[in-house]
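Welcome, and please have a look at the model below.

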Amino acid sequence: MTSDRYSQLDEDPAFALHRGGKLEVHSTVEVSDHEGLALAYTPGVARVCTAIADDPDLVDAYTWKSKVVAVVTDGTAVLGLGDIGPEASLPVMEGKALLFKQFANVDSVPIALACTGVDEIVETVVRMAPSFGGVNLEDISAPRCFEIERRLRERLDIPVFHDDQHGTAIVALAALRNAARVTGRELGDLRAVVSGAGASGLAVSRMLINGGIGDLAVADSKGIVYEGRAGLNEQKTALAAISNRAGIQGSIESALVGADVFVGLSAGEVPERVVATMAENAIICAMANPTPEVHPDVARKYAAVVATGRSDFPNQINNVLAFPGVFRGALDVRATDITENMKVAAAEALADLVGDDLAPDYILPSPFDERVVPAVSRAVAEQARKDGVARA
């Protein structure tokens with residue numbers, strides 16, 4: 001590409017910021033003489049290698065393994081851009097690594113894979129795992145992402161976390177706990193309808209159920225998911241068994257009549273006339289980007305609390321509130337897994353930070369609130385010990 005072409009692109013501040021990439025590697029020790037070289041590399045390094053070979057647990061103390069996360073994608077579900085391939089995904093993966101470092105001082109390496117098969121991805125990550133203390137799966141399309149995460153968790157003894165699912169779910173649970181408080185209720189008092197049964201929709205639904213939501217029904221492109229509905233995949237069948245206790249069938253429009261909560265994770269627009277049928281003091285979390293399922297100006301006509309996935313409206317449900325602290329806490333105790341209880345603990349810690357400042361337009365702290373990562377990481381670490389998955 002010619003320099004003129006670069007200059008034209010760099011007129012856009014997004015291109016200018018990304019020019020040359022957003023990451024680089026720095027050493028933690030200085031080698032300035034022969035003695036230092038002999039310690040950092042041969043022959044001194046051989047003594048460390050031999051000790052780790054004799055006692056593999058030493059790898060966490062004498063290498064960076066326990067401090068670094070692999071950020072892994074295949075480029076098939078990047079932001080709202082879809083399947084754009086591994087190379088085009090790299091700016092997003094670099095951004096994820098930047099956020100890990102800036103918010104939680106967690107080092108991470110972006111890894112974009114040139115394969116999309118479940119077996120290929122699993123085998124590739126398993127073979128890379130000795131270099132890392134955790135794996136953050138990112139922007140892998142459903143339903144493959146469910147199988148990939150499940151199999152990696154079974155085979156690895158380090159945390160594996162699909163942020164598109166669980167990061168969103170943690171923040172959504174925190175938001176709804178506080179939204180319920182704003183309206184003078186508990187989570188268990190609420191009936192929710194979730195639009196979208198992809199990776200995020202299913203994970204948020206399971207998290208809300210684990211967190212104690214009163215009842216919850218999920219809608220996909222064919223309507224409400226319920227036990228016995230024909231054509232459900234494995235994940236939807238499992239969700240149907242633990243959700244929709246009211247036995248609602250039919251369209252999302254009919255399910256929203258009298259509902260307390262709408263959670264949008266589908267980009268499917270909900271008409272104003274349908275929003276108007278929701279219960280008094282309704283809560284709307286319309287998280288599609290860039291266009292929420294219900295525009296906040298419309299939502300506020302009928303809802304007591306409105307949240308979106310956008311930073312230019314109040315109450316942004318943003319994954320960055322969760323994943324840095326979750327991994328910080330898991331790495332600090334050398335956790336072998338990130339359990340459901342650890343996720344719920346993260347959500348509770350996040351919700352508690354709002355405290356007495358709780359208001360309809362303030363149900364979540366800012367990502368730049370310096371209390372967020374310490375509170376979330378502490379809760380995750382404590383729960384890891386309770387769940388028996390901590391090694392330190």
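## Ground rules

Buried means under 20% relative accessible area, exposed means over 50%, and partly exposed lies in between (1.4 Å probe, protein chains only). With that in hand, D139 counts as buried, because its relative accessible area is 4%.

This is a predicted model, in which local features need pLDDT of at least 70 and side-chain atom pairs count only at pLDDT 80 or more, while totals for chains, interfaces and linings use all residues. Residues are numbered from 1 along each chain as its sequence is written, and side-chain values use heavy atoms, with hydrogens and water left out.

## The annotated site

An unreviewed UniProt entry lists E138, D139 and D164 under "binding site". UniProt positions are given in the numbering used here, with shortened feature names, and annotations may be inferred rather than shown by experiment. The three residues span 27 residues in sequence, yet no two of their C-alpha atoms are more than 6.8 Å apart, so they gather at one spot. E138, D139 and D164 also belong to the lining of the largest pocket. On a 1 Å grid over the protein atoms alone, a pocket is an open set of points where a 1.4 Å probe fits, with protein on both sides within 12 Å along at least five of seven lines; lining residues have an atom within 4 Å of a point.

Where do D139 and D164 sit? D139 is in the loop between β3 (134–137) and α8 (144–155), and D164 is in helix α9 (residues 163–182). Helices (H or I, at least four residues) and strands (E, at least two) are DSSP runs, numbered from the N terminus. D164 is buried too, with a relative accessible area of 15%. The backbone nitrogen of D139 lies 2.7 Å from a polar atom of the D164 side chain.

Two strands pair if DSSP finds at least two bridges between them. Strand β5 (residues 191–195) runs parallel to β6, joined by five bridges, and V193 has A217 as its bridge partner in β6. β5 also pairs in the parallel sense with β8 (residues 261–264), over four bridges. Four of the five residues of β5 are buried.

## The N-terminal region

The unreviewed UniProt entry gives residues 20–153 as "domain: Malic enzyme N-terminal". Over this range the chain is 46% helix and 12% strand, and the end C-alpha atoms are 34 Å apart.

Six of the six residues of strand β1 (residues 68–73) are buried. V68, A70 and V72 point one way from β1, and V69, V71 and T73 point the other way. β1 runs parallel to strand β2 (residues 107–112), joined by six bridges, with D107 in β2 as the bridge partner of V68.

Notes
Polar contact = N/O pair within 3.5 Å; in protein donor to acceptor, adjacent residues only side chain to side chain.
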